[in-house]
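Try each task before reading its solution.

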Amino acid sequence: MRTTLRAAAVGTALVGLSLTPGIAQATPGGPGVSGTILAQWTEGGRDYVLREITIPAGQATGWHYHDGTLFAYVKQGTLSHFDSNCASDGVYKKGSFLKEPAGADHVHIGQNRGTNDVVLDVLYVLPHGAPLSEDAPAPGCDLP
């Protein structure tokens with residue numbers, strides 16, 4: 001079973017790769033945003049975590065970044081994705097893949113601007129022991 005989950009996670013990542021001023025407060029995710037870990041393992045100093053994330057209609061992830069690279073598949077709904085300049089860096093519909101690069105210079109937010117839940121299957125590739133995400137201050141635009 002573990003080998004099957006690992007193969008599915010790595011396969012999802014590989015398919016995705018082939019497609020693909022002042023003091024502010026960190027912004028938490030909106031009400032109802034949730035994640036469930038489906039599988040996880042450590043190999044070669046990296047943690048691999050396969051997680052399903054649900055973002056209800058009208059909600060957002062909150063501003064954040066990751067210490068490692070993420071590969072996501074949009075299983076349901078449409079995800080609107082914005083960078084730290086408050087510019088859209090993609091709108092991802094059901095069946096789409098996206099990649100989020102690592103580092104504090106890649107702050108972003110994901111929003112569900114639709115009427116149905118957005119469901120993502122996400123593979124996190126993180127340095128061993130790193131958190132799934134790091135909160136970041138809102139950059140001062142009109143996005144939540």
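**Exercise 1. Find the handedness of the disulfide formed by C86 and C141.**

Solution. Start with the torsion: about the S-S bond of C86 and C141 it is about -85°, so this disulfide is left-handed. Keep in mind that we're looking at a predicted model. Now place the two ends: C86 sits in the loop between β5 and β6, while C141 belongs to the segment after β10, so the bond ties together parts 55 residues apart in sequence. The sulfur atoms of C86 and C141 are 2.1 Å apart, which is within the 2.5 Å cut-off for a disulfide. The structure holds 1 disulfide, this one.

C86 has 23% relative accessibility, so it counts as partly exposed. C141, with a relative accessible area of 24%, is partly exposed as well.

One more look at the segment after β10: A138 lies there too. Its C-alpha is 8.1 Å from that of S84, although A138 and S84 are 54 residues apart in sequence. A138 is partly exposed, at 23% relative accessible area.

**Exercise 2. Classify the aromatic pairs that a search of the whole structure finds.**

Solution. The search turns up 2 aromatic pairs. Take W41 and Y48: their centres are 5.5 Å apart with 10° between the planes, and the pair is stacked. W41 is buried, with a relative accessible area of 6%.

Then take Y73 and F97. The ring centres are 5.0 Å apart and the planes stand at 50°, so this pair is tilted. Y73 is in strand β4 (residues 69-76) and F97 in strand β7 (residues 97-100), so the pair links parts that are 24 residues apart in sequence. As for accessibility, Y73 comes out at 25% and counts as partly exposed, whereas F97, at 16%, counts as buried.

**Exercise 3. Describe the largest pocket: its space, its lining residues and their classes.**

Solution. First the space: about 390 Å³. Then the lining, made of 29 residues, of which R51, I53, T61, H64 and Y124 are the closest to the centre. Now see where the lining comes from: β1 (34-43), β2 (46-55), β4, β5 (78-83), β7, β8 (108-111) and β9 (118-127) each supply at least two residues. Finally sort by class, which gives 14 nonpolar, 12 polar and 3 charged residues.

**Exercise 4. Which strand gives the most to the lining of the second largest pocket?**

Solution. Begin with the pocket itself, at about 170 Å³. It is lined by 14 residues, and D83, D89, P101, H106 and H108 are the closest to its centre. The strands that each supply at least two lining residues are β5, β6 (88-93) and β7. Of these, β7 gives the most, with 3 residues. By class, the lining splits into 4 nonpolar, 5 polar and 5 charged residues.

**Exercise 5. Is T54 buried or exposed, and what does T54 touch?**

Solution. Locate T54 first: strand β2. Its relative accessibility is 18%, so T54 counts as buried, the cut-off being under 20%. For the contacts, leave out residues up to four places away in sequence; T54 then touches G32, V33, S34, D117, V118 and V119.

Key
Residues numbered from 1 in each chain as written. Predicted model: local features only at pLDDT ≥ 70, side-chain atom pairs only at ≥ 80, totals over all residues. Heavy atoms only, no water. Phe/Tyr/Trp six-rings, centres within 6.5 Å; stacked < 30°, edge-to-face > 60°. Buried < 20%, exposed > 50% of the residue type's maximum accessible area, 1.4 Å probe, protein only. Helix = DSSP H or I, 4+ residues; strand = E, 2+ residues; numbered from the N terminus. 1 Å grid on protein atoms, 1.4 Å probe; cavity = no way out; pocket = protein on both sides within 12 Å on 5 of 7 lines; lining within 4 Å. Points joined across faces, edges and corners; volume = space filled by probe spheres on them. Nonpolar A, V, L, I, M, F, W, Y, C, P; charged D, E, K, R; others polar. Contact = heavy atoms within 4.5 Å.
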